[in-house]
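Biologist: I have this one open on my screen. Can you walk me through it, starting wherever you like?

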Amino acid sequence: MITKEQINIFDEKIRAAGSIVICAHKNPDGDALCSVLALAHLIEINYGKDVVCIYDGNIPDNLDDVPLRRRMRYFEHIENDAPFDVAIVLDYGIEKNIGGPHKFIENAGFIIELDHHINDEKIGALSIDDENAAATTEIIYNLMVVAGWNTDLTAARLIMTGIITDTGCFKYAKRGDVMRIAANLIEDGVDIQRIVNDLTNKPRKTVVTEAASVGATEFFYKNKLAIAIIDAAQYKHIDGRGETALNLLGQMRGLEYVVLLKEQKPNQIGVSLRGRGHAVDKIALALGGGGHEYAAGAVVYDTLENVKKRVLDLFKGVIK
Ligand SMILES: [Mn+2]
């Protein structure tokens, strides 16, 4: 529930701001990127303010066709002469996920956060969080409605892209609310098929590399756990999390858990975890990461071999 008081503070801070910056977590996914762009766009059309949209890491190629994508600026290209009056942090989970933009946040005059991750240490002086929201763009939609903002098709497409990303195209939707929002967005003119086509438009190398890693997958614990590996040489061909590999393995009969280990650099392993009706968030936490119940991840600073051993040990206690 977004309260009148939250809206009033948001309104007052944005009206008074001479400069506004927005960011989300490092290596933004569809929800992180689209929340940044949707909120920046809505602030611009409703308050007439310029908003600086920044990111750290890499934006996956499959988000190239997202509306306003070109507005995203790499944080190191920002000249920070004076601190921003207002910083807005979206979809970030925990503070260290923010990455490079953190320096602009901590200097800012006022910090606002909108997030759907479980997080007890909030960075925002104003927190418009909702752990039940399926996506951060769902919170932005609710803010827009409660505040009575003007909107347009660009904002609607961005909000829908965030929802489609974080619900795995509605597969993980747990509440009717997100479906009702999606229904409203369709009536406002959003074309779901076009968004899904744009999001699944990957380079050949990416698909072939991810498929090869699926082909070499190892299975453990009576074939309930799959571990696929993308080594350093393959990593440069994939883009983002390795969704193609995760989705393909996620279709396998009898499988309960999917793990994808990505050797991002020597001794830096990205771990993506998916549970098929089984929770993986606690395993991600044990690895120093986080995420959602059935889709979570971590980055572990160790060798591929050691990380694989740790993952196997953690699942040993979980799989019956
Ligand atoms: Mn999200």
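Modeller: Bear in mind that this is a predicted model. I'd start with a glycine: glycine 168 follows H5 and has a positive phi, near 55°.

Biologist: What should helix H5 span, at 1.5 Å a residue?

Modeller: H5 covers residues 153–166, and its 14 residues should span 20 Å. The end C-alpha atoms are 20 Å apart, so the two agree.

Biologist: Is H5 mostly covered or mostly open?

Modeller: Mostly covered, with 12 of its 14 residues buried. Among them are Arg157, Ile159, Met160 and Asp166.

Biologist: What covers the buried residues of H5?

Modeller: The cover includes four helices: H2 (30–47), H4 (136–147), H6 (176–187) and H7 (192–199).

Biologist: Switching to the core. Which residues touch the most other members of the largest nonpolar core?

Modeller: Ile22, Val36, Leu39, Ala87, Leu90 and Ile159, out of 61 residues in that core. Helix H2 contributes the most to this core, with 10 residues. There is also a second, separate core of 27 residues, which includes Leu249, Tyr257, Val259 and Ile283.

Biologist: Back to alanine 87. What does it touch, leaving out residues up to four places away in sequence?

Modeller: Alanine 87 touches Val21, Phe104, Ile105, Ala108 and Ile111. Alanine 87 is also the bridge partner, in E4, of valine 21.

Biologist: Which strands does E4 pair with, and do they run parallel or antiparallel?

Modeller: E1 (residues 20–23) is joined to E4 by 4 bridges, and the two run parallel. E5 (residues 110–114) is joined to E4 by 5 bridges, also parallel. In that pairing, valine 86 stands opposite phenylalanine 110.

Biologist: Where does the chain go between E4 and E5?

Modeller: Through helix H3, residues 102–107, in a right-handed β-α-β crossover.

Biologist: And the whole protein? How many helices and strands?

Modeller: 12 helices and 12 strands. The radius of gyration is 20 Å, close to the 20 Å the globule rule gives for 320 residues, so the protein is as compact as a globular protein of that length. The C-alpha atoms fill a box of roughly 60 × 45 × 35 Å along the principal axes.

Biologist: What share of the 320 residues counts as buried?

Modeller: 41%. As for contacts between residues at least 6 apart in sequence, 66% join residues at least 24 apart.

Methods: Residues numbered from 1 in each chain as written. Predicted model: local features only at pLDDT ≥ 70, side-chain atom pairs only at ≥ 80, totals over all residues. Expected span 1.5 Å × (residues − 1). Buried ≥ 20, exposed ≤ 12 C-beta atoms within 10 Å, placed from the backbone. Contact = placed C-beta atoms within 7 Å. Core = buried A, V, L, I, M, F, W, Y, C linked by C-beta atoms within 7 Å. Rg over C-alpha atoms; globule rule 2.2 N^0.38 Å. Pairing = 2+ DSSP bridges. Right-handed = clockwise from strand over helix to strand, strands pointing away.
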